[in-house]
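Colleague: I would like to learn how to read a model like this one. Can we take it feature by feature?

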Amino acid sequence: MARIVGGLGSPHAPAVGAAVDRHDEDSAYWKPLFDGYRPMRAWLERERPDVFILFSNDHFTSFFLDVIPSFAIGVAALHEIADEGWGKRPLPAVPGDTDLAWHLARSIVEEGFDPAVCHRLPLDHGCLSPLSALSSWTPQWPVRVIPILVNVLHFPIPTPARCFELGRAVRRAVASYPDDLKVVVLGTGGLSHQLTGERFGYINPDWDAEFLDRLEREPESLARLKHQDFIERGGTESVEVILWLCMRGALSPRVRCVHRNYYHATLTGYGQVVYEDTESAAR
Amino acid sequence: MKEAERAFANPAPGTYLLTVSLAQQGYRLSSFCRSLMSAENRAAFKADEERYLRDFGLDAAEIAMVRARDWLAMVRYGVNHFLVFRVAGTLGVGLTGAAAQMRGETLEEFKRTRRVWEER
């Protein structure tokens, strides 16, 4: 039986992937973040998951205004690397898991979620920044990846409560998969940040700390908030923390937080967490 | 656009959300931004901006926003910022440059508001 052993939270800013490509992890600017990835990589090397279920969003890369799915799942056997406008990153295509993706899609549809099913979903920084910061890809990526993308850019977007429920549906889907797989769920995106308007650059570290406290211990209280609450407290782009709620919903009600880091960078509050599942991870 | 959507899209001063009517207004300009995802198109745009914009069928007001590098105007017009950043990036303007422009500051002024700054 497949089981979720834990959940990771990571930023997904393009700058993080660019720092990886420049081997800039130890510079004064980036060290506070990449020091935060070290324990995450060590945890992954210890757990050796077979599959990542990666909650992220598209940035008008694979989707355009023509079609904007509220939820989308990538079912391809191999996910291409996208050219977002500054050239493709030098990364090999990312392996998917079509069998588990089919099972996930079918299971969550039966629970009332209706994702767009994507046979071709080139990955942009939303997936590649965390993947490349968390694992090495030579000679090949060590894990298969099923991206589940949530619209966070074009309103209306799914509610925090709906995203938390999606996570729970994904948890039940994994538990009903017959193969013996270890799965890790990833919630990605910045905490507080705003990337437009005269309020560009807004960061609220106090709110970010409260968010991480509540995400660990009382995530339902965050799932009850409105988009506007997140936008006011953390800036417009912080609304993407609904991706972290997807991750948290997929974990046991009580989690063991074995790592937490925060870096107040130039434009974004970067959070990093490792939560161990206290139910399915029991060995 | 009805008042309710306008209020939703601009919930506070300096804060803009992309909604359906705005995105419809910004559709053509957004299509131009998206076209810069291909290296050939980026090269063609840089080689002759005016011609590329005209050939794309943008109207005078839309062309003026690009010519002026007015990222804030593009956002307010109904173009998602990640699309705007493709144009800025193609023209050598990074996120901090776009941030300063949208805030109405010079890059130096913006830098002074930051806790950390990456010199590159």
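**Reading strands, core and contact**

Modeller: Start with one pair of residues: Leu54(A) has Pro147(A) of strand S7(A) as its bridge partner. Keep in mind that this is a predicted model.

Colleague: How many bridges join strand S2 of chain A to S7(A), and in which sense do the two run?

Modeller: Strand S2, residues 51-56 of chain A, is linked to S7(A) by six bridges, and the two run parallel.

Colleague: Which way does strand S3 of chain A pair with S7(A), parallel or antiparallel?

Modeller: Antiparallel, over three bridges; S3 covers residues 71-74 of chain A. In that region Ala72(A) stands opposite Leu149(A) of S7(A).

Colleague: Is S7(A) enclosed or open, and why?

Modeller: Count buried residues; the cut-off is 20 or more other C-beta atoms within 10 Å. In S7(A), residues 144-150, seven of the seven residues are buried, so the strand is largely enclosed by the rest of the structure.

Colleague: Which residues lie on each side of S7(A)?

Modeller: Arg144(A), Ile146(A), Ile148(A) and Val150(A) are on one side. Val145(A), Pro147(A) and Leu149(A) are on the other. Each of these residues is buried, and both faces are covered.

Colleague: What about the largest nonpolar core? Which of its residues touch the most other members?

Modeller: The general idea comes first. In soluble globular proteins, nonpolar side chains tend to be buried together. Here the largest nonpolar core holds 119 residues, and Ile146(A), Cys246(A) and Val84(B) touch the most other members. Helix H5 of chain A, residues 160-175, supplies the largest share of this core, with seven residues.

Colleague: Which residues does Val84(B) touch, leaving out those up to four places away in sequence?

Modeller: Cys33(B), Trp71(B), Met74(B), Val75(B) and Val79(B).

Colleague: Now the contact between the chains. How many residues does each chain give?

Modeller: Chain A gives 27 residues and chain B gives 36 residues. By class, the chain A side has twelve nonpolar, eleven polar and four charged residues.

Colleague: And what does the predictor say about the complex?

Modeller: It assigns an ipTM of 0.96 and a pTM of 0.98. Chain B has an average pLDDT of 97, and 100% of its residues score at least 70.

Terms used:
Residues are numbered from 1 along each chain as its sequence is written. Chains are lettered from A and ligands numbered from 1 in the order in which they are written. This is a predicted model: local features need pLDDT of at least 70, side-chain atom pairs count only at pLDDT 80 or more; totals for chains, interfaces and linings use all residues. A nonpolar core is a set of buried Ala, Val, Leu, Ile, Met, Phe, Trp, Tyr and Cys residues joined through C-beta atoms within 7 Å. A residue is buried if 20 or more other C-beta atoms lie within 10 Å of its own, exposed if 12 or fewer, and partly exposed in between; C-beta atoms are placed from the backbone. Helices (H or I, at least four residues) and strands (E, at least two) are DSSP runs, numbered from the N terminus. Two residues are in contact if their C-beta atoms, placed from the backbone, lie within 7 Å. Two strands pair if DSSP finds at least two bridges between them. Ala, Val, Leu, Ile, Met, Phe, Trp, Tyr, Cys and Pro count as nonpolar, Asp, Glu, Lys and Arg as charged, and the others, Gly among them, as polar. pLDDT is the predictor's confidence in each residue, from 0 to 100.
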